[in-house]
Amino acid sequence: MAHFRHLISIDDLSRADILYILDRAEEYEEIAMGRGMGRVLEGKLLANVFFEPSTRTRMSFEVAMKRLGGDVINMTAQEASSVAKGESLADTVRVVGKYADVIVLRHPLEGAARFAAEHSEVPVINAGDGAGQHPTQTLLDLYTIRKESSLDELKIALMGDLKYSRTVHSLIKALTLFDAEIYLVSPPSLALPEDFLEGVRGKIYTAQLDEIIEEIDVLYVTRIQKERFPDEEEYKKVAGSYKVTAETLRKANRSLIIMHPLPRVDEIDVSVDRTRHAKYFQQTFYGVPVRMAILSEVML
Ligand code: CP
């Protein structure tokens, strides 16, 4: 059951592995809320190596580590590290692995985390590799669904930038393990790339939100990933092309939950924040117990 050395892709985990992590996260929830301190990671050191911006992933790993008795070192700005002098990713992880017991890596290039793991003496956790994967986000997304809705007979709509959003890419693969009904809702130019669905088995349909809003249990919204567009003009063509408002939800199921990996730009109106459906800030909190469970797996 579980016990993996690196966490690079959600494809590396079975359904049983995922459920095991979610169960462990449940056990850590009280400590994640600051009710008591854990000690299981005492003496361990995590290195955050981020080549792209982050608020939630970086900080929740830090909180998870510290609340379990461990400590954290950060390498955030490329300009302030020897990467600016031309040090390779392979050498960077070799060196950081001499200081820390685990490396949490975010990098703009798809495949960077797998490459880093091949050169690292310590476990590497993928905190997002370009438009590739974001497996720890997927685990906290599944945890949120299990806590706030249900993973059984789930009907979920994935809305927004399905082309570049790594959170969606990871989540779809995991959802197929749970036999979910998945609706893809996006502007045509941001549709999920067809080759992505090769080898992905499941009930996956394209839809318009108003056709399915009464049916779905979860609406998972993503922002347009501006930083992944090859040029600004292409981005401008779709910017602001979709938005969820309180009015959009008028016909929604009472139990519908709305999730978003955040940050949001303008795709969920603030009027939604006050509704019973909004779970995206709670989702952010769930990152802490889930990352506690992941850290325990790779280091203990
Ligand atoms: N959800 C997420 O990855 O957020 P950050 O970019 O702030 O880490």
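**Reading loops, a helix pair and a strand residue**

Q: Where does Pro263 lie?
A: Pro263 is in the loop that runs between strand 9 (257–259) and helix 9 (280–299). Keep in mind that this is a predicted model.

Q: Which residue does a cis peptide bond join to Pro263, and what is omega?
A: The residue is Leu262, and omega of the cis bond between Leu262 and Pro263 is about 5 degrees.

Q: What is phi of Leu262, and where is the place of this residue?
A: Leu262 has a positive phi, near 65 degrees, and is a residue other than glycine. Leu262 sits in the loop between strand 9 and helix 9, the loop that also holds Pro263.

Q: Is Leu262 buried or exposed?
A: The general idea is a cut-off: under 20% relative accessible area means buried, over 50% means exposed. Leu262 has a relative accessible area of 13%, so it is buried.

Q: What is phi of Asp179, and where is its place?
A: Phi of Asp179 is positive, about 60 degrees, although the residue is not a glycine. Asp179 belongs to the loop between helix 6 and strand 6 (181–185).

Q: Is Asp179 buried or exposed?
A: Its relative accessible area is 52%, so Asp179 is exposed.

Q: At what angle do helix 5 and helix 6 pack, and how far apart are their axes?
A: Helix 5 (residues 135–148) packs against helix 6 (residues 166–177) at an angle of about 55 degrees, and the axes are 9 Å apart.

Q: What is the orientation of helix 5 and helix 6 to each other?
A: Start from the ranges: under 35 degrees is roughly parallel, 65 to 115 is roughly perpendicular, over 145 is roughly antiparallel, and the rest is oblique. Helix 5 and helix 6 are therefore oblique to each other. Their crossing is right-handed.

Q: Which residues make the contact of helix 5 with helix 6?
A: Helix 5 contributes Pro135, Gln137, Thr138, Asp141, Leu142 and Ile145, while helix 6 contributes Thr167, Ser170, Leu171, Ala174 and Leu175. By class, the contact residues of the two helices comprise six nonpolar, four polar and one charged.

Q: Where is Leu45 found, and how is its accessibility classed?
A: Leu45 is in strand 1 (residues 45–50). Its relative accessibility is 23%, so Leu45 counts as partly exposed.

Q: Which residues does Leu45 touch, not counting residues up to four places away in sequence?
A: With those sequence neighbours left out, Leu45 touches Met65, Asp71, Val72, Ile73, Tyr99, Ala100, Asp101 and Val102.

Conventions
Residues numbered from 1 in each chain as written. Predicted model: local features only at pLDDT ≥ 70, side-chain atom pairs only at ≥ 80, totals over all residues. Heavy atoms only, no water. Axes fitted to C-alpha atoms, helices over the stretch in contact; angles between N-to-C directions. Helix = DSSP H or I, 4+ residues; strand = E, 2+ residues; numbered from the N terminus. Left-handed = near helix turned anticlockwise from the far one by under 90°. Contact = heavy atoms within 4.5 Å. Nonpolar A, V, L, I, M, F, W, Y, C, P; charged D, E, K, R; others polar. Buried < 20%, exposed > 50% of the residue type's maximum accessible area, 1.4 Å probe, protein only.
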